[in-house]
Amino acid sequence: MKRNSAKDIMNLKGKRPIVCLTAYTAPIARALDEHVDLLLVGDSLGMVLYDYENTLSVTLPQMVEHAKSVVNASSSSCIVVDLPFGTYEESKEKAFSNSSDVMKETNCNAIKLEGGQNMYETVKFLTERSIPVMGHIGLQPQRVLIEGGYKVKGKSKFEWNKFIEDALSLEEAGAFSIVLEGMTEPLAAEITSKVKIPTIGIGASPKCDGQILVTEDMLGLTNIAPKFVKKYIDIEEIIKKAADQYSSEVKQRQFPSEKHTYQMNLSLVEKNESK
Ligand code: KIV
């Protein structure tokens, strides 16, 4: 099956909603692949898989290893890999060198970075050098310390212009799509109508061209999920039930049963030994 490219994702705007989820590991990527258009190896893996306080400590080698497993275990989704904090802000040259390493080592389709107008030169530099880029504006988790928390954007119309300019800059710089995170519906609708590239919302209303969620949030594998998350299943409860049953079967010597045990033909062994 042919894998979706960044261009294929771009061409979905106006046709149908674009379905995206995060994936950090092979088993999750394998299960999601046929149901989504795009899988994001997000730096949210720092909080979800490693229990870090925020995404700032995630490193490029970590992203590369997780991305490799997601690419290997999928065949049709467009794979986008997040550039972690500190790997692209310093200069466009550094951003290019790190992005091209990620692309060469993982075989992914595109990279994602946070920022709008401030990243114009960097995104242009990357896209002019053949690296497909997904932008990320609105609530930017890598700005958590400077903003003092995770705050929903666009509640006052005074701040709208900044976000609209951010989106237009990314489009002009050649980004193939933009994640809109944590913003009010009217602002997300305004941005989506103003740009020709698809907007992918997370906590940004149904007015975006597509949606993304952190997979572990929607599977019930994280303990603090924000208001915008719909929990489709409670996997943690299912794991707990299975572990509880395993524990009691081991204690009562019900597991392993005959079915799960290797046997051997003792009479054949005795014959061979007597020869
Ligand atoms: O890191 C991530 O998972 C993301 C999504 C929240 C869009 O950036």
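V19 stands opposite Q211 in strand 8, and G201 stands opposite Q211 in strand 8 too. Strands here, like helices, are DSSP runs numbered from the N terminus, with at least two residues (E) for a strand and at least four (H or I) for a helix.

A word on the model itself. It is predicted, so local features need pLDDT of at least 70 and side-chain atom pairs count only at pLDDT 80 or more, while totals for chains, interfaces and linings use all residues. Residues are numbered from 1 along each chain as its sequence is written, and side-chain values use heavy atoms, with hydrogens and water left out.

Two strands count as paired if DSSP finds at least two bridges between them. Here are some of the pairs:

| Strand pair | Sense | Bridges |
|---|---|---|
| Strand 1 (residues 18-22) and strand 2 (residues 38-41) | parallel | three |
| Strand 1 and strand 8 (residues 210-213) | parallel | four |
| Strand 7 (residues 199-202) and strand 8 | parallel | two |

On the strand 2 side, C20 has L38 as its bridge partner.

**Two helices, side by side**

Helix 8 (residues 160-173) has 14 residues and reaches 20 Å from its first C-alpha to its last, close to the expected 20 Å. The expected span is simply 1.5 Å times one less than the number of residues. Its buried residues are W160, F163, I164, D166, A167, S169, L170, E171 and A173, where buried means under 20% relative accessible area (exposed is over 50%, partly exposed in between; 1.4 Å probe, protein chains only). So what covers the buried residues of helix 8? The cover includes helix 6 (120-128), strand 5 (133-138), strand 6 (177-181) and helix 9 (185-194). After helix 8 comes G174, with a positive phi near 105°.

Helix 5 (residues 92-106) has 15 residues and reaches 21 Å, again close to the 21 Å expected. Buried in helix 5 are A95, N98, S99, S100, V102, M103 and T106. Helix 4 (60-72), strand 3 (78-82), strand 4 (110-112) and helix 6 are among what covers them. N107 follows helix 5, and its phi is positive, near 70°.

**Cores**

The largest nonpolar core has 58 residues, and those with the most contacts inside it are L39, I111, L113, L180 and I191. Such a core is a set of buried Ala, Val, Leu, Ile, Met, Phe, Trp, Tyr and Cys residues joined through side-chain atoms within 4.5 Å. A second, separate core of 16 residues includes L12, A110, M134 and F176. Leaving aside neighbours within four places in sequence, L180 is in contact (heavy atoms within 4.5 Å) with I137, A188, I191, T192, T199, I200, G201, I202, A204 and C208.

**The whole chain**

Overall, the protein has twelve helices and eight strands, and its C-alpha trace spans about 90 × 40 × 40 Å along its principal axes. Of the 275 residues, 48% count as buried. Residues 24 or more positions apart account for 59% of the contacts with a separation of 6 or more. The protein exposes about 14900 Å², with carbon and sulfur atoms supplying 55% of it.

Key. Areas by Shrake-Rupley, 256 points an atom, 1.4 Å probe, with all protein chains shown as cover.
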